[in-house]
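This report walks through one protein model, beginning with a single residue and moving on to a sheet, its inner strand and the spaces in the fold. Please look at the sequence and the structure before reading on.

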Amino acid sequence: MAASAVVRRLSSAPLRDHRLLRPFSSTGSESTITVETSVPFTGHKINPPSRSVETTPVELLSFFRDMSLMRRMEIAADSLYKSKLIRGFCHLYDGQESIAIGLEAAITKKDAIITAYRDHCICLGRGGTLVESFAELMGRRAGCSKGKGGSMHFYKKESGFFGGHGIVGAQVPLGCGLAFAQKYLKEGTVSFALYGDGAANQGQLFEALNISALWDLPAILVCENNHYGMGTAEWRSSKSPAYYKRGDYVPGLKVDGMDVLAVKQASKFAKEYALKNGPIILEMDTYRYHGHSMSDPGSTYRTRDEISGVRQERDPIERIRKLLLSHEIATVSDLKDIEKEVRREVEEAIAQAKENLMPDPSELFTNVYVKGFGVESFGADRKEVKAILP
């Protein structure tokens, strides 16, 4: 199949429930391309993987489309928040999409991922849908957490996504616990615990890493270093901002987190290592375009020139666009068509989510596990339900 035909198939393929596109097999479109990562990997107590990464035209096109979909989703979330259709905290991921996509390209849904509150794109990458995402953001029943979690608490256990978490660093011990279960059950899978540079100094992180190393758990700690913990630059909060070295006795790898192929290579390498040897740390050098959250303009502690400089030189979507054009896999027009299709899908998903109802008031009492303060089933067939107010 010619490259132009692959593009047409990608851009016109109806995505069921607005899920991310997954690479398909097509004769002639699976020729292997070898690409060198933007910068070398830097290892701590480990020999880093090769900079040469194998990919295919189909994979590169899916990377472009999926990251474009994530970018458009986050830009739309910005508008919905300003329109007061999204309330509460809202942390956007635009700029960091290559981490979510590159990680998924190296693992399976049997592997586990757990992250902090910047979680929309991670959930989408795990198999969530646009409708589920927007419904959750707007507090509707069709949301991935039934409209009760909101922006910070996306969840999709059936796809190996164990949630966004609001307490800084608290997801890391949980991620190591997931790795403990995987080893105990001899599943041959790994857990990725994602956290930001702002959480890298948390004591619980080091405690969890210590016991993971003692027990050789298949835990991969991923520091998404976007260089600002809220409005605090890394050099102001960390004596040593070389986060991949923080494990001391645990190996680490520094990765260009704005290069989706580098993330894919590092994640594959880390999974193979963790299954044989135990925990490893990946530091993803990345950048967020929005402020810390929607309440942060993101311009008081960094300059506009800094932000535009990253956009021009390191943007993950533009890097893939250049690869597609230089290898003549797609034309400028082809890629614009894909972006138009992505925009349409996002608009359709928002419209569907808006039509969805708010949760029933009875949902206030579900998923409460303190006896006497939630919904309890009783009776011979356990079908009678009662709810007790505190």
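Is K84 buried or exposed? K84 is exposed, because its relative accessible area is 57%, where exposed means over 50%, buried means under 20% and partly exposed lies in between, for a 1.4 Å probe and protein chains only. Residues are numbered from 1 along each chain as its sequence is written, side-chain values use heavy atoms, and hydrogens and water are left out. The model is predicted, and local features need pLDDT of at least 70, side-chain atom pairs count only at pLDDT 80 or more, while totals for chains, interfaces and linings use all residues.

K84 lies in the loop between α2 and α3, where helices (H or I, at least four residues) and strands (E, at least two) are DSSP runs, numbered from the N terminus. Although K84 is not a glycine, it has a positive phi of about 65°. H227, which is also not a glycine, has a positive phi of about 80°, and H227 is found in the loop between β7 and β8.

## The sheet and its edges

An open sheet with mixed pairing is formed by 7 strands, in the order β2-β10-β11-β7-β6-β4-β5, where two strands count as paired if DSSP finds at least two bridges between them. The edge strands, which each pair on one side only, are β2 (42-44) and β5 (161-164). On average, and with direction ignored, neighbouring strands of this sheet are turned by 20° against each other; axes here are lines fitted to C-alpha atoms, for helices over the stretch in contact, and angles run from 0 to 180 degrees between N-to-C directions.

## The enclosed strand β11

Why is β11 (residues 280-285) largely enclosed by the rest of the structure? The strand is enclosed because 6 of its 6 residues are buried. In a regular strand the side chains alternate between the two faces of the sheet. Both faces of β11 are covered, with I280, L282 and M284 buried on one side and I281, E283 and D285 buried on the other.

β11 runs parallel to β7 (residues 219-225), to which it is joined by 6 bridges, and E224 has M284 of β11 as its bridge partner. β11 also runs parallel to β10, with 5 bridges joining these two strands, and G252 stands opposite I281 in β11. From β10 the chain crosses through helix α9 (residues 260-277) to β11, and this β-α-β crossover is right-handed, a term used when, with the strands pointing away from the viewer, the path from the first strand over the helix to the second runs clockwise.

How many cavities of 30 Å³ or more does a search of the whole structure find? The search finds 2. On a 1 Å grid over the protein atoms alone, a cavity is a set of points where a 1.4 Å probe fits but cannot get out, whereas a pocket is an open set with protein on both sides within 12 Å along at least five of seven lines, and lining residues have an atom within 4 Å of a point.

The largest cavity has a volume of about 40 Å³, and its lining consists of Y195, A200, L205, F206, Y243, R246 and I281. The second largest cavity, with a volume of about 30 Å³, is lined by I99, A100, L103, E104, I113, I122 and L194. Helix α3 (residues 97-104) gives the largest share of this second lining, 4 residues.

The largest pocket has a volume of about 400 Å³, and of the 25 residues that line it, Y117, R118, G196, M230 and H292 are the closest to its centre. The largest share of this lining, 3 residues, comes from β6.

The second largest pocket holds about 240 Å³ of space. This pocket is lined by 15 residues, of which Y289, H290, G291, D296 and P297 lie nearest its centre. Two or more residues of the lining come from each of α2 (57-82) and α10 (304-314), and α10 gives the largest share, 4 residues.

Terms used. Grid points are joined across faces, edges and corners, and a volume is the space filled by probe spheres set on the points.
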